[in-house]
Amino acid sequence: MQEFNLLSSVPKVIRDVSARTINKEENRRLANQFGFEYFDGSREQGYGGYRYDGRWVDISQRAIEHFGLKSGDRVLDIGCAKGFFVKDLSDTLPGIDVIGLDISRYALEHRHPDLSGGLVQASCDALPFPDDSFAAAFAINTIHNLDPAGCLRSLREVERVAPGRGFVQVDAYRSPEELDVFEDWMLTAKTYCQTQEWLDLFDEAGYTGSYYWTILEIDGS
Ligand SMILES: C[S@@+](CC[C@H](N)C(=O)[O-])C[C@H]1O[C@@H](n2cnc3c(N)ncnc32)[C@H](O)[C@@H]1O
């Protein structure tokens with residue numbers, strides 16, 4: 001396994017954690033449907049507008065370099081939402097075959113307008129693809145939406161379809177203070193651990209790919 005900050009080019013955002021403490025239970029219920037409210041409703045219920053902003057262009061370049069991807073390779077984005085990474089990876093490396101997978105019908109129906117095919121509705125813990133069928137498989141902030149047993153199944157699935165060539169990013173914390181901030185902000189994660197606990201879960205799953213953390217830092221960044 002290798003720690004790798006695939007999203008290092010994404011600027012940190014200031015989060016208004018206090019707004020998320022109002023109507024928390026109702027907002028969590030709506031967010032967990034992964035429909036309009038989560039993607040395009042208010043910031044209290046999710047993204048507050050999941051819009052294309054070009055951030056995936058730099059991420060695509062780093063992904064290509066990290067995995068040595070080339071034209072003709074087949075790549076999977078698990079939890080692709082509206083397919084922005086699928087689009088930018090396809091544009092950055094002509095000839096690559098990128099498939100996006102997400103559980104959200106809403107996100108797939110509101111895909112980037114440049115995408116016609118290549119998106120599949122399924123769950124990350126039951127990937128509808130043969131063993132060893134991808135040159136790389138990405139699951140960015142996706143598998144922690146399942147409980148720990150579901151995370152284990154999902155990690156095994158990433159490993160199965162792209163042995164040693166996965167990239168998984170998950171919600172994590174390093175201190176009680178970071179956990180407090182996280183629990184105020186978080187809407188959908190069912191599994192969030194200290195980084196070492198995640199590493200133990202990766203080991204238990206037999207996951208050998210790359211990984212990184214989404215950590216809400218104390219200064220609000
Ligand atoms: C935090 S968003 C991340 C989206 C995208 N990967 C990104 O980084 O911008 C989590 C995504 O995981 C999807 N998701 C949630 N549960 C899932 C599941 N069981 N299987 C597949 N996708 C799931 C959601 O619909 C959503 O698109």
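Which of the 19 residues around the ligand come nearest?

1. Tyr50, Gly79, Asp102, Cys124 and Ile140 come nearest among the 19 residues around the ligand, a residue being counted as near if one of its heavy atoms lies within 4 Å of the molecule. The model is predicted, with local features requiring pLDDT of at least 70, side-chain atom pairs counting only at pLDDT 80 or more, and totals for chains, interfaces and linings using all residues. Residues are numbered from 1 along each chain as its sequence is written, and side-chain values use heavy atoms, leaving out hydrogens and water.

2. A backbone N or O atom of Gly79 lies 2.7 Å from a ligand nitrogen, and a backbone N or O atom of Cys124 lies 2.9 Å from a ligand nitrogen. For Ser123, an N or O atom in the side chain is 3.0 Å from a nitrogen atom of the ligand. The ligand taken alone exposes 590 Å², of which the protein buries 93%; these areas come from the Shrake-Rupley method with a 1.4 Å probe.

3. The largest nonpolar core has 35 residues, and Leu6, Leu69 and Phe138 have the most contacts inside it. Such a core is a set of buried Ala, Val, Leu, Ile, Met, Phe, Trp, Tyr and Cys residues joined through side-chain atoms within 4.5 Å; buried means under 20% relative accessible area and exposed over 50%, with a 1.4 Å probe and protein chains only. Two or more residues each come from α2 (36-40), α3 (55-67), α4 (84-92), α5 (105-109) and β5 (136-140). Helices (H or I, at least four residues) and strands (E, at least two) are DSSP runs, numbered from the N terminus. The most is given by α3, with five residues.

4. Apart from this core lies another, of 32 residues, including Ala162, Val168, Cys193 and Tyr211.

5. In helix α8 (residues 195-205), Trp198, Leu199, Leu201, Phe202 and Ala205 are buried. They lie on the same side of α8 because they cover an arc of only 160° around the axis, taken from the directions from the helix axis to the C-beta atoms. These buried residues pack against α6 (148-161), β6 (166-173), β7 (193-194) and β8 (210-214), where contact means heavy atoms within 4.5 Å. The face turned away from the buried side of α8 carries the exposed residues Asp203 and Glu204.

How values were computed:
A polar contact is a pair of N or O atoms within 3.5 Å; within protein, one must be able to donate a hydrogen and the other to accept it, and residues adjacent in sequence count only if both atoms are side-chain atoms.
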